[in-house]
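Please read them with the structure open.

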Amino acid sequence: PEGFRPSPAERKPVRAAAPEALIADNDFPCREDQLGFRSRAQAFRAFLERVEPPMTLVVDGPAGCGKSSYMQILQLLIEQSGRLAPVWVNAMHYDQETSLLASIIQQVARDHGLTAAASPALRRFRQSVEGLDRASEVGLRAEDTRIECWQECYLQVVADVLARRRSRQLVLFVDDLDACAPSSARRLLQDLFTVTQIPGSC
């Protein structure tokens with residue numbers, strides 16, 4: 001306004017933040033702690049290492065607020081600690097899967113470098129999947145051939161991974177559940193509930 005004269009402090013130039021200090025506006029998760037999540041993730045990891053399973057915890061917030069980044073930082077801290085064995089499940093990738101349990105068995109093995117040569121249970125599971133493919137060709141229902149051994153295989157694969165890592169428990173990270181269609185998210189949650197009710201599973 002006319003006659004207004006700024007004070008010396010008000011005349012001081014404003015310095016722009018350095019480009020490397022700016023956080024890009026995108027929706028890609030990042031394990032680098034650009035949002036200051038590390039201290040909270042460390043406390044959360046310590047909590048997970050003390051509690052007895054099964055337990056389900058939800059990281060909630062609006063889209064783009066850093067939920068996936070927070071979980072990836074937590075996953076990294078758990079990997080470094082070694083007391084727990086993390087497994088990352090992207091809900092969108094499993095949206096069309098016929099069996100979440102079968103997918104998780106393969107994901108557990110893949111995330112922790114478990115091979116069929118080192119795990120008889122994983123070898124038995126893969127043989128069962130091959131048998132399921134053959135059974136479907138002659139019109140047998142999938143449930144008739146898989147339910148007998150897959151839960152047992154899952155438990156043994158988890159036990160093999162925990163022994164390999166010398167870890168106490170498995171931790172499943174489920175990401176992008178809010179990106180699935182409501183019907184798919186509901187089915188996925190029901191399948192996850194079934195998996196976590198298997199004693200000693202996660």
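The points below take the salt bridges in turn.

1. The model is a predicted one, and a search of the whole structure finds four salt bridges.

2. Arg83 pairs with Glu49 in a salt bridge whose closest N and O atoms are 3.3 Å apart. Because Arg83 sits in the loop between α3 (67–81) and β1 (84–90) while Glu49 belongs to helix α2 (residues 38–50), the pair ties together parts that are 34 residues apart in sequence.

3. A second contact to inspect is the salt bridge in which the side chains of Arg168 and Glu52 meet, at 4.0 Å from N to O. Arg168 is located in the loop between α7 (150–165) and β2 (169–175), and Glu52 in the loop between α2 and α3, so this pair ties together parts that are 116 residues apart in sequence. Arg168 is partly exposed, its relative accessible area being 35%, while Glu52 is exposed, with a value of 58%.

4. Arg124 forms a salt bridge with Glu152, and here the closest N and O atoms are 3.8 Å apart. The pair links distant parts of the chain, with Arg124 in helix α5 (residues 120–137) and Glu152 in helix α7, 28 residues apart. At 32% relative accessibility, Arg124 counts as partly exposed.

Notes:
Residues are numbered from 1 along each chain as its sequence is written. This is a predicted model: local features need pLDDT of at least 70, side-chain atom pairs count only at pLDDT 80 or more; totals for chains, interfaces and linings use all residues. Side-chain values use heavy atoms; hydrogens and water are left out. Helices (H or I, at least four residues) and strands (E, at least two) are DSSP runs, numbered from the N terminus. Buried means under 20% relative accessible area, exposed over 50%, partly exposed in between (1.4 Å probe, protein chains only).
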